[in-house]
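Reader: I am new to reading protein models. Please take one part of the picture and look at it closely with me.

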Amino acid sequence: MTTNPTNGIAIRLAEPGDIDRILELVAQYCEADDHPFHEHLARPPVVELTASDRWGRIWLAVQDPDREDGTVVGYLALTWGYGIEAGGMEAVIDELYVEPKGEGVGSALMERATEDCRQRGVRRIFLETELANNGARRLYGRLGYRADDSIWMEKWLVGPES
């Protein structure tokens with residue numbers, strides 16, 4: 001566990017006992033980005049990502065970590081990929097959400113996830129953000145991320161309503 005003494009926040013891996021709190025935060029994330037929240041879609045990956053690191057992992061920001069009832073105030077979901085262009089292992093920051101914002105919690109989560117990626121030999125980290133989310137892009141820019149000319153496209157094989 002990594003603790004930042006200036007704000008009393010610790011960064012730790014999520015565990016199965018954190019699933020319900022993570023899902024509460026995922027719902028808040030979806031609401032903030034004006035996306036629908038589908039618990040039946042979100043729960044299985046959260047369960048999987050807290051059970052093992054086969055597909056990735058979830059990092060949590062915990063306020064007052066020394067207390068048994070320390071409050072989870074943010075999460076970062078990191079997933080694994082593999083790419084020819086990158087020459088090997090890649091990662092995707094799938095979701096990052098903290099509340100409240102502007103206190104360095106998002107940066108701490110990003111830094112911990114980046115260190116985890118370095119230790120695993122990840123060559124490149126991807127992320128995406130909503131066009132209107134200027135605050136997120138400022139954070140990512142400060143951390144060395146840059147926009148590229150790629151455009152992400154999607155095709156659902158099994159839609160959210162399934």
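Predicted model: local features only at pLDDT ≥ 70, side-chain atom pairs only at ≥ 80, totals over all residues.

What share of the contacts in the protein with a separation of 6 or more comes from residues 24 or more positions apart?

Author: Now to your question. Residues 24 or more positions apart account for 57% of the contacts with a separation of 6 or more.

Next, the fold. The protein has four helices and six strands. Along the sequence they follow the pattern β-β-α-α-β-β-β-α-β-α. The radius of gyration is 16 Å, close to the 15 Å from the globule rule for 162 residues, so the protein is as compact as a globular protein of that length. Along its principal axes, the C-alpha trace spans about 45 × 35 × 30 Å.

Now look inside. Of the 162 residues, 37% count as buried. The cut-off for that word is a relative accessible area under 20%. C30 has a relative accessible area of 8%, so C30 is buried. C117 is buried too, because its relative accessibility is 1%. What about disulfides? A search of the whole structure finds zero.

The accessible surface comes to about 10,300 Å². Carbon and sulfur atoms hold 50% of that surface. As for charge, there are 17 positive and 29 negative side chains. The centres of these two sets lie 6 Å apart.

Definitions and conventions:
Residues numbered from 1 in each chain as written. Heavy atoms only, no water. Disulfide = S-S within 2.5 Å. Buried < 20%, exposed > 50% of the residue type's maximum accessible area, 1.4 Å probe, protein only. Helix = DSSP H or I, 4+ residues; strand = E, 2+ residues; numbered from the N terminus. Rg over C-alpha atoms; globule rule 2.2 N^0.38 Å. Contact = heavy atoms within 4.5 Å. Areas by Shrake-Rupley, 256 points an atom, 1.4 Å probe, with all protein chains shown as cover. Lys, Arg positive; Asp, Glu negative; His and termini not counted. Charge placed at Lys NZ, Arg CZ, Asp CG, Glu CD.
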